Protein chains: 2
Amino acid sequence: MRLSKRGEYGLRAMIDLAAARNGNPHNGVVQIKEIAERERIPAKFLEQILLTLKNAGLLHSKMGVGGGYYLAQPPQAISLGNIVRVLDGPLAPVNCVSQMAYEPCGCPDQESCGLRLAMLDVRNAIADILDNTTLADVLTKVEKVKKGA
Amino acid sequence: MRLSKRGEYGLRAMIDLAAARNGNPHNGVVQIKEIAERERIPAKFLEQILLTLKNAGLLHSKMGVGGGYYLAQPPQAISLGNIVRVLDGPLAPVNCVSQMAYEPCGCPDQESCGLRLAMLDVRNAIADILDNTTLADVLTKVEKVKKGA
DNA sequence: GAAAAGTCTAGTTAATAAGTAGACTTTATA
DNA sequence: TATAAAGTCTACTTATTAACTAGACTTTTC
């Protein structure tokens, strides 16, 4: 049930970008290098990850001097599920309960397969959280903890 | 968020063994080969998996003629979480929210790390389901579906 | 036109997953 | 007591993926 480094770094970067936009320093445009340093991510690896996220439509970018990356949509419109799916693929533990990558497993009867029934609950629980938590929600949570402490 | 083949096969085998015990054919003792055929699992691979499960205390075995594997505890005492942890390791997506394999991540402040807060919810949701679903629950679910259909 | 950014493609290296192979041990029973 | 039927144990293999790294290229600003 692991999240890959790609997924982890990508989420961190997206949260970073959402925070940058909230603070609105230069309209939320941030360079790869800045994010890499702040989040302690190998810059060249992060480069690839952000590019993938861009090609998936979650980020926009500006080339040349003063350029960088910025969110393609407001933080409240980008869910963690969206990001994880792009970087790590389907959320489901097994393909026979996946929405985005369904594939039948070998069992004689899908409908009454015990494993499938249990894993369906798991996939739904994960998707429910990840698809209903936006970058904005994450920032709000962080603020709450910081104020509470 | 994937379950490995080891994990999948192990779960299928344990559910199979629980069913065998319910039907009580020979006191729930089943041979590797039988399970492998019924569940379409490579026998030699299953052998290793069942051995791991045995060493973890979830299964008992009987050697020699008429031998085989059987559950070490009644089906209502063995949770899916238990099985998955033995075969696939911690349930948590990232180690900094793991109960069984906690490790701090690199972020400056654990408590206010956005990624961690979100992943904590995910890990709790997964653990909640897997730790509270027993082999007996799985069999009950299957029965319900079969009768409903 | 030079420097600062992102873009793109192809390596590399190490770990893990998913199995295979085969010799060994225990036990029932003929 | 020999033999066949089971599980036990260790090591090997093979393919895939994860996690980077390298470097040449393009676009934009000043």
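Two strands are said to pair if DSSP finds at least two bridges between them. Helices (H or I, at least four residues) and strands (E, at least two) are DSSP runs, numbered from the N terminus.

This is a predicted model, in which local features need pLDDT of at least 70 and side-chain atom pairs count only at pLDDT 80 or more, while totals for chains, interfaces and linings use all residues. Residues are numbered from 1 along each chain as its sequence is written, and chains are lettered from A and ligands numbered from 1 in the order in which they are written.

**View 1. The hairpin of chain B.** Strand β1 (residues 59-62) of chain B pairs with β2(B) in the antiparallel sense over four bridges. B:Leu59 has B:Leu71 in β2(B) as its bridge partner. Five residues lie between the strands of this hairpin, and B:Gly64 takes a positive phi near 80°.

**View 2. The hairpin of chain A.** Strands β1 (residues 59-62) and β2 (residues 68-71) of chain A run antiparallel and are joined by four bridges. A:His60 stands opposite A:Tyr70 in β2(A). The hairpin has five residues between β1(A) and β2(A), and A:Gly64 in the turn has a positive phi of about 80°. In a regular strand the side chains alternate between the two faces of the sheet.

**View 3. The surface near DNA strand C.** A residue is near a molecule or strand if its C-beta atom, placed from the backbone, lies within 6 Å of it. Around DNA strand C there are 25 residues, of which A:Ser61, A:Gly68, B:Ser4, B:Lys5 and B:Gly64 come nearest. At least two residues of this surface are supplied by each of α2 (32-39), α3 (43-55) and β2 of chain A and α1 (5-23) and α3 (43-55) of chain B. By class, the surface has nine nonpolar, 10 polar and six charged residues (Ala, Val, Leu, Ile, Met, Phe, Trp, Tyr, Cys and Pro count as nonpolar, Asp, Glu, Lys and Arg as charged, and the others, Gly among them, as polar).

**View 4. The surface near DNA strand D.** Of the 25 residues around DNA strand D, those that come nearest are A:Ser4, A:Lys5, A:Pro42, A:Lys44 and A:Gly64. Helices α1 and α3 of chain A, together with α2 (32-39), α3 and β2 (68-71) of chain B, each give at least two residues to this surface.

**View 5. The side of chain A that touches chain B.** Two residues are in contact if their C-beta atoms, placed from the backbone, lie within 7 Å. By this criterion, 34 residues of chain A are in contact with 33 residues of chain B. On the chain A side, two or more residues come from each of α1 (5-23), α5 (114-131) and α6 (135-148). The largest share, 10 residues, comes from α5(A). This side has 22 nonpolar, four polar and eight charged residues.

**View 6. Helix α4 of chain A.** A residue is buried if 20 or more other C-beta atoms lie within 10 Å of its own, exposed if 12 or fewer, and partly exposed in between, with C-beta atoms placed from the backbone. Helix α4 (residues 80-88) of chain A is mostly covered, with seven of its nine residues buried. Among them are A:Leu80, A:Ile83 and A:Arg85. Just after α4(A), A:Gly89 has a positive phi of about 80°.
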